[in-house]
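Good morning. Please have the structure open while I talk.

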Amino acid sequence: AINPADLQVWMNDFEHAIVPGGESFTLLYRRVAQWWQTHQKTMAQDAVIVAHAGTLRSLLCLLHHTPLSKAFEAYKIAYGQVVVVELPL
């Protein structure tokens with residue numbers, strides 16, 4: 001449960017704003033990028049990553065060099081959606 005006022009602050013600047021007990025999209029992106037750097041070479045040819053939509057958007061931004069400010073308009077991810085990424089990009 002997120003206070004609507006705190007959520008609106010995040011919605012207005014999701015790249016940098018941090019909701020209480022959470023992180024900004026930029027911080028999430030940095031975590032995802034670090035994870036990707038560590039694990040991309042050791043993954044099997046076919047791999048499944050189960051993650052929250054924000055994490056998937058971060059990974060897609062990284063792989064497609066999409067500015068974080070465009071993440072939500074570039075990558076519409078529905079609840080429970082399967083996202084398939086073929087590498088190399």
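Most of α3 is covered, with 9 of its 12 residues buried. Keep in mind that this is a predicted model. The buried residues are G54, L56, R57, S58, L59, L60, C61, L62 and L63.

How far does α3 reach from its first C-alpha to its last? The span is 16 Å for 12 residues, close to the 16 Å expected at 1.5 Å a residue.

Next, what covers the buried residues of α3? The cover includes α2 and α4, the latter being residues 71-74.

Let me stay with α2, which runs over residues 25-39, while α3 takes up residues 53-64. Their axes come within 9 Å and cross at roughly 65°. Angles of 65 to 115 degrees count as roughly perpendicular, so α2 is roughly perpendicular to α3. As for handedness, the crossing of these two helices is right-handed.

Which residues make the contact? From α2 they are F25, L28, Y29, V32, A33 and W36. From α3 they are G54, T55, R57, S58, L59, C61, L62 and L63.

An α-helix has 3.6 residues a turn, so residues three or four places apart point the same way.

Last, the end of the helix. Just after α3 comes H65, with a positive phi of about 55°.

To recap: α3 is mostly covered, and α2 is part of what covers its buried residues. Thank you.

Terms used: Residues are numbered from 1 along each chain as its sequence is written. This is a predicted model: local features need pLDDT of at least 70, side-chain atom pairs count only at pLDDT 80 or more; totals for chains, interfaces and linings use all residues. Side-chain values use heavy atoms; hydrogens and water are left out. Axes are lines fitted to C-alpha atoms, for helices over the stretch in contact, and angles run from 0 to 180 degrees between N-to-C directions. Helices (H or I, at least four residues) and strands (E, at least two) are DSSP runs, numbered from the N terminus. Angles under 35 degrees count as roughly parallel, over 145 as roughly antiparallel, 65 to 115 as roughly perpendicular and the rest as oblique. A crossing is left-handed if the near helix is turned anticlockwise from the far one by less than a right angle, and right-handed if clockwise. Contact means heavy atoms within 4.5 Å. The expected span of a helix is 1.5 Å times one less than its number of residues. Buried means under 20% relative accessible area, exposed over 50%, partly exposed in between (1.4 Å probe, protein chains only).
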